[in-house]
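Here are a few notes for you to read alongside the model.

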Amino acid sequence: SITFDYTAGGFPIPGAVSPRADVRGDTAPNSILSYSGTGTAITMAGSAAGLAGQGVYSLDRLSNFTLLDYAAAKSNSGIYLQRKEFFKLENINIHYMQTALQLASWFSSKLENINIVNCTTGIELSDAGDGACNAIQIDRAELQGCSSYGIVAPGSPTGCGDANSFKNCSV
């Protein structure tokens, strides 16, 4: 698994040298990450509200790859993003996971050209204690064969804010 932990205070301001993540493959069909462990394949956590530092505003991006479990066991999760803002998730395929995307207290961010296939849950929006996911733009998301939910916000309306937009999506 891959973990980016920005929860501590004192994360550098945008533009300063820092461990900001920009994980990009060449293309989604040709850059394949296989994860057959338990837990979550990719985890990124920003700092809590009120904590000094820029961990929540890290301006990260994940793009141009496929994440899958070749065993198709659906016993693990794909990507978990907690307390992130101004984030881009684009050109991603996720296959055979229990939960493809878990977004907790995620704000002012964009999901674009996301393809989720044969997962138990496609996208889960929740509140990590810093507010419901809000001001999220989801454009060109296709969720196929999700056996429980395409998009779910447990405990709604606290899981999903009111300024989210869904365009050109198929669930």
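1. Let's start with R140 and E112, which form a salt bridge whose closest N and O atoms are 2.5 Å apart. R140 belongs to strand β10 (residues 134-144) and E112 to strand β8 (residues 99-117), so this contact ties together parts that are 28 residues apart in sequence. Please keep in mind that this is a predicted model.

2. How exposed are the two partners? R140 is partly exposed, with a relative accessible area of 39%. E112, by contrast, has a relative accessible area of 18% and counts as buried, because the cut-off for buried is under 20%.

3. It is worth looking at the strand that carries E112. β8 is mostly covered, with 15 of its 19 residues buried.

4. Which residues stand across from A104? Q82 has A104 as its bridge partner in β8, and A104 stands opposite S126 in β9.

5. Next, have a look at K84 and D60, a salt bridge with its closest N and O atoms 2.7 Å apart. K84 sits in strand β6 (residues 76-85), while D60 is in the loop between β4 (39-45) and β5 (61-68), so the pair links parts that are 24 residues apart in sequence. Are these two residues buried or exposed? K84 is buried at 0% relative accessible area, and D60 is buried as well, at 2%.

6. The pair D22 and R24 gives another setting. Their side chains meet in a salt bridge at 3.3 Å, N to O. D22 is partly exposed at 38% relative accessibility, whereas R24 is exposed at 53%, because the cut-off for exposed is over 50%.

7. Finally, how many salt bridges does the whole structure hold? The search finds 6. Some of them share partners, and in this way D22, R24, R61 and E90 are joined into one network.

How values were computed: Residues are numbered from 1 along each chain as its sequence is written. This is a predicted model: local features need pLDDT of at least 70, side-chain atom pairs count only at pLDDT 80 or more; totals for chains, interfaces and linings use all residues. Side-chain values use heavy atoms; hydrogens and water are left out. A salt bridge is a side-chain nitrogen of Lys or Arg within 4 Å of a carboxyl oxygen of Asp or Glu. Buried means under 20% relative accessible area, exposed over 50%, partly exposed in between (1.4 Å probe, protein chains only). Helices (H or I, at least four residues) and strands (E, at least two) are DSSP runs, numbered from the N terminus. Two strands pair if DSSP finds at least two bridges between them.
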